[in-house]
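I opened a new page for this protein. I wanted the overall picture to come before any single residue.

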Amino acid sequence: MVNPSVEHTKLSKLELRRIFSKRITRWPDGQPIVVFVLASNNPIHQRFSKEILKIFPYQLDRIWNKMIFSGVGSAPIVVKDLETLLAEVKNTPGAIGYGENIAEQGGLHVIEIIN
């Protein structure tokens, strides 16, 4: 899901993997992408990583840590629970996050994932 300021309605799994691994940092309109995630040991995060991104959570952690320690980037913002993740995406322009059984609701847009 994304903040309503994001114009995208569809993203490919490859685009999502590049966004969540922080290789893409701006939307096409130039707006910064703010990535929110749950902790690596959270079951929702693990399912999203494996089933949608096709990457293990520990591999994402390695990518983020390498970016941080080399000074070329930053890790996504880790939040404590799904409720907080939804609230942060809703209130942060350019934000993206994920969840389970999320329906279109005020302040959030659900993106269609294409292959």
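**The chain as a whole**

I noted that this is a predicted model. I looked up the elements and found 4 helices and 5 strands in the protein chain. From the N terminus on, I read the order as β-α-β-α-α-β-α-β-β. I then checked the radius of gyration, which is 13 Å, close to the 13 Å that the globule rule gives for 115 residues, so the chain is as compact as a globular protein of that length. Along the principal axes, the C-alpha atoms fill a box of roughly 35 × 30 × 30 Å.

**Inside and surface**

I looked up burial: 37% of the 115 residues count as buried. The accessible surface is about 6,500 Å², and carbon and sulfur atoms hold 52% of that. For contacts between residues at least 6 apart in sequence, I found that 66% join residues at least 24 apart.

**Charges**

I counted 14 positive and 11 negative charges, and their mean positions are 9 Å apart.

**Asn3**

Is Asn3 buried or exposed? Its relative accessibility is 6%, under the 20% cut-off, so Asn3 counts as buried.

I then followed the side chain of Asn3. One of its polar atoms lies 2.8 Å from the backbone nitrogen of Ser5. A polar atom of the Asn3 side chain also lies 3.0 Å from the backbone oxygen of Val89. Leaving aside neighbours within four places in sequence, I listed contacts of Asn3 that include Val89, Pro93, Gly107 and His109.

Methods:
Residues numbered from 1 in each chain as written. Predicted model: local features only at pLDDT ≥ 70, side-chain atom pairs only at ≥ 80, totals over all residues. Heavy atoms only, no water. Helix = DSSP H or I, 4+ residues; strand = E, 2+ residues; numbered from the N terminus. Rg over C-alpha atoms; globule rule 2.2 N^0.38 Å. Buried < 20%, exposed > 50% of the residue type's maximum accessible area, 1.4 Å probe, protein only. Contact = heavy atoms within 4.5 Å. Areas by Shrake-Rupley, 256 points an atom, 1.4 Å probe, with all protein chains shown as cover. Lys, Arg positive; Asp, Glu negative; His and termini not counted. Charge placed at Lys NZ, Arg CZ, Asp CG, Glu CD. Polar contact = N/O pair within 3.5 Å; in protein donor to acceptor, adjacent residues only side chain to side chain.
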